[in-house]
Amino acid sequence: MSRNVSPADRIATLDWLRLVAALAVVAFHYLFRGAAGGGFLDGGYPQAAGIAIYGYLGVHLFFLISGYVIAWSAEGRGWLDFALARFVRLYPGFLVCMTISFVVLLAVQPEWGNVTVRQYVANLFMFAPALGEAFVDGVYWSIILELIFYGWVTLALMSGAFQTLRLELVAGWMVLSAVNEFSIGSEAMRLLFVTEYGPLFASGILIHHIQTRGRSAEALVLLAASFTLSTSLMAIGKGWMQAHYGTSVPMAGLAAANLAMHGLLIAAILTRAKVIPTRLSLALGGLTYPLYLLHQNIGYIAINATVPVVGTWLAAALVAAAMLTLSWLIWRWIETPLRRRLMNIIRFVLSRQPLGTGPPQPA
């Protein structure tokens, strides 16, 4: 199933786009949320906050990319092959980064980030809130939505619907999302069916569908609908930001940002043949996952410790550079070897043979 990922198995433009999304989230946390969100940072960056506030949309870009990549990954794969590949893609990195964050927080125990061993154990199962414990780092919420999305794709592959009824599934998902968000308002449905962010995943799936199967009227109409719905649903995040931070991005800015994100993904796909995958692009794409998982709480602690020594702006720059370096080291020397070992163990347990080649496995 899972060959060692090489540059030839990647779309370099997507690796660069992942880096853009990850750096946007880092900028949001360091330059806006750290001071605006309840005392994470001792000082703030008011000069940059008006731009950095847009950085939370990096998560939206991740969801958009994920829809495309998962549709690509699922092409020609059996459901077990797909599910195991996704588990191996997510869990080793999560385990390593969550453990590092826990150890740092346990050593420092900041008022805003006290942790316990019980909390760590619950986080080992990833769905910590379901076990009555908080996430070790708040960014994990989006990983849970990714896992739920993977679960639904796995079920669609099991039934054969993902191959034969993809557009119908996407249409039904968007109708469900609209009905829940605009009428029912069920938090359980929002989580189980990812109704707030479903249209972003759907757009990625549709872009892949159009790329591989042609520009049918049905697919283009659905893509227009998913874009419109995802833009409308950004009002939910806007309201949350207003309630928690007293400020938010105006809807015009959100619409423009959503259009830009969809455009960037489409441009990345259209230009994929012109940007040759290299070991650099592979590394930059690979480090984005540990960077996303690690940067927030450890970054707050590091910035607070560094500011008195080097000043506000240099502290943020040095910590961001350190997080990038640490993330690369984890990806290169810990996460990637762990993935390979875990896949070998799974192969041995299931059949002692590879589970089937399938197409190249995007990460």
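This report looks at salt bridges in a predicted model.

Local features need pLDDT of at least 70, side-chain atom pairs count only at pLDDT 80 or more, and totals for chains, interfaces and linings use all residues. Residues are numbered from 1 along each chain as its sequence is written, and side-chain values use heavy atoms, with hydrogens and water left out.

A salt bridge is a side-chain nitrogen of Lys or Arg within 4 Å of a carboxyl oxygen of Asp or Glu. The whole structure holds 10 of them. The table lists some of these pairs.

| Pair | N to O distance |
|---|---|
| Arg77 and Asp81 | 3.5 Å |
| Arg118 and Glu133 | 3.0 Å |
| Arg339 and Glu335 | 2.9 Å |

Now for accessibility. Buried means under 20% relative accessible area, exposed over 50%, and partly exposed in between (1.4 Å probe, protein chains only). Arg77 is buried, at 3% relative accessibility. Asp81 is buried too, at 8%.

Arg118 forms its salt bridge with Glu133. This pair links distant parts of the chain, 15 residues apart. Arg118 sits in helix α5 (residues 117–123), while Glu133 lies in the loop between α5 and α6 (140–159). Helices are DSSP runs (H or I, at least four residues), numbered from the N terminus. Arg118 is exposed, with a relative accessible area of 60%. Glu133 counts as buried, at 17% relative accessibility.

Arg339 and Glu335 also meet in a salt bridge. Both belong to helix α14 (residues 312–350). They are 4 residues apart, about one turn of the helix. Elsewhere, Arg10, Asp15 and Arg18 form one network, joined by salt bridges that share partners.

Definitions and conventions:
Helices (H or I, at least four residues) and strands (E, at least two) are DSSP runs, numbered from the N terminus.
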